[in-house]
Amino acid sequence: MISRASVLFCFFIVSLFGDTIETFYGSIEIEEPIVLQLIQSPAMQRLKHIHQYGVAYYTTHREEYNRYDHSLGVFAILRKNGASLEEQISGLLHDLSHTVFSHVGDWIFGKEYQEDDYQNTIYKIYLSHSGIEKILLKYGYTINRVSPKKREFVMLEQSLPNLCADRIDYNIQGAYFQGFLTKQEALELYDELKFVEGCWIASRIDLLKKLAKFSLFMTQDCWGGAANYVTSRWLADAMIKGLDIGLLSWHEIHFGIDHDVWDKLLHAKNPFIQQQMQMLANANDYYQLVDPSEAHVIVRFRCRGIDPWVMHKGQIVRLTSIDAEFAQEFEALKEKAAKGWPIKMLSEVVASK
């Protein structure tokens with residue numbers, strides 16, 4: 001049995017000489033004690049069990065890609081490109097306040113697809129209650145100092161259709177899992193991307209186009225897809241019922257993990273929750289896309305397609321300005337997002353069969 005003294009000694013050695021962390025992009029040597037303690041904190045480790053695509057993991061996109069992998073990926077991108085330690089820490093912590101099933105929390109708390117997602121609303125409170133604030137204060141930092149919304153952190157966050165460290169990582173890792181990029185291509189793009197004069201650019205237009213086309217695909221097929229809309233709604237309704245009957249607690253939703261909550265819902269005896277879980281398991285039987293005149297709801301969604309800056313013939317230009325095919329696809333997606341998905345719910349029809 002390892003003694004407590006041995007554990008403390010190992011921690012002391014790590015705090016003196018640093019440690020190595022593994023990211024999607026490779027190993028990174030970490031010498032800053034604050035970074036190591038943040039990564040090792042229970043709040044960060046919890047993100048290993050929060051799936052990047054939320055409910056889609058259980059329905060349409062079963063990639064083993066979680067918020068922890070994403071957070072380390074964002075951290076790696078910022079670190080490689082010389083971001084300040086504050087901005088690196090901000091990137092590391094930016095997704096910490098996600099509830100179970102990620103953006104399903106937006107539905108539970110009434111935000112749905114609005115711009116200001118729920119995890120952003122509770123970010124400061126969450127860091128305080130999760131123990132992260134104590135670590136920050138120990139090293140002379142405050143929550144405000146590392147807020148992802150800080151204007152100075154332009155490497156971390158930018159508005160669409162620009163790339164930013166956050167958007168770079170979830171598109172690169174996602175594109176790899178979906179087969180849009182090989183691992184070698186993903187690593188080449190990671191090496192290629194540079195932050196120059198306030199924007200992320202690269203000269204490998206072929207790889208940037210693959211990344212951009214992935215963002216169009218995922219906007220329609222996952223992030224803004226009709227299936228994601230209905231399944232997020234159904235899961236949120238099941239969780240709200242779970243709260244009402246005491247099956248779930250607010251603490252579990254904010255500090256629990258996906259699998260535990262899903263398992264509770266899956267084995268719940270409540271008829272309403274059972275029906276919602278049945279609908280989640282067979283989503284295509286419970287809704288369909290129809291002519292707008294027949295729809296119960298028309299769901300407009302945020303276009304999360306990227307139009308990256310590229311180095312082309314010595315100039316920094318948008319990908320859409322040099323690739324007519326991609327420009328046409330990008331515009332088509334924006335039009336589709338504005339028109340929305342015309343959805344007809346079939347639950348009553350199926351239930352009567």
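In helix α12, Glu 185, Glu 188 and Leu 189 meet Leu 207, Leu 208, Lys 210 and Leu 211 of α13, where contact means heavy atoms within 4.5 Å. The structure is a predicted model, in which local features need pLDDT of at least 70 and side-chain atom pairs count only at pLDDT 80 or more, while totals for chains, interfaces and linings use all residues. Residues are numbered from 1 along each chain as its sequence is written, and side-chain values use heavy atoms, with hydrogens and water left out. Helices (H or I, at least four residues) and strands (E, at least two) are DSSP runs, numbered from the N terminus.

The axes of α12 (residues 183-192) and α13 come within 10 Å and cross at roughly 110 degrees; axes here are lines fitted to C-alpha atoms, for helices over the stretch in contact, with angles from 0 to 180 degrees between N-to-C directions. This makes α12 roughly perpendicular to α13 (angles under 35 degrees count as roughly parallel, over 145 as roughly antiparallel, 65 to 115 as roughly perpendicular and the rest as oblique). By class, the contact of α12 with α13 has 4 nonpolar, no polar and 3 charged residues. In this scheme Ala, Val, Leu, Ile, Met, Phe, Trp, Tyr, Cys and Pro are nonpolar, Asp, Glu, Lys and Arg are charged, and the others, Gly among them, are polar.

Helix α13 (residues 205-223) also meets α11 (residues 165-177), their axes coming within 10 Å and crossing at roughly 85 degrees. α11 and α13 are therefore roughly perpendicular to each other. From α11, the contact draws on Tyr 170, Asn 171, Ile 172, Gly 174 and Ala 175, and from α13 on Leu 211, Phe 214, Ser 215 and Trp 223. These residues of the α11 and α13 contact comprise 6 nonpolar, 3 polar and no charged ones.

Turning to the strands, an open sheet of 4 strands runs in the order β3-β4-β7-β8 with mixed pairing, two strands being paired if DSSP finds at least two bridges between them. Its edge strands, each pairing on one side only, are β3 (194-196) and β8 (315-318). Neighbouring strands of this sheet are turned by 45 degrees against each other on average, direction ignored. Within the sheet, β3 and β4 (residues 199-202) pair in the antiparallel sense over 3 bridges, and Val 196 stands opposite Cys 199 in β4.

Another open sheet, of 3 strands, has the order β5-β9-β6 and antiparallel pairing. Here β6 and β9 (residues 341-345) share 3 bridges, and Trp 341 in β9 is the bridge partner of Val 299. Elsewhere, β1 (residues 19-23) pairs with β2 (residues 26-30) in the antiparallel sense over 5 bridges, and a hairpin joins the two through 2 residues.

Finally, the largest pocket has a volume of about 970 Å³. On a 1 Å grid over the protein atoms alone, a pocket is an open set of points where a 1.4 Å probe fits, with protein on both sides within 12 Å along at least five of seven lines, and lining residues have an atom within 4 Å of a point. Grid points are joined across faces, edges and corners, and the volume is the space filled by probe spheres set on them. Of the 41 lining residues, His 103, Asp 117, Gln 119, Arg 302 and Arg 304 lie nearest the centre of the largest pocket. The lining divides into 13 nonpolar, 14 polar and 14 charged residues.
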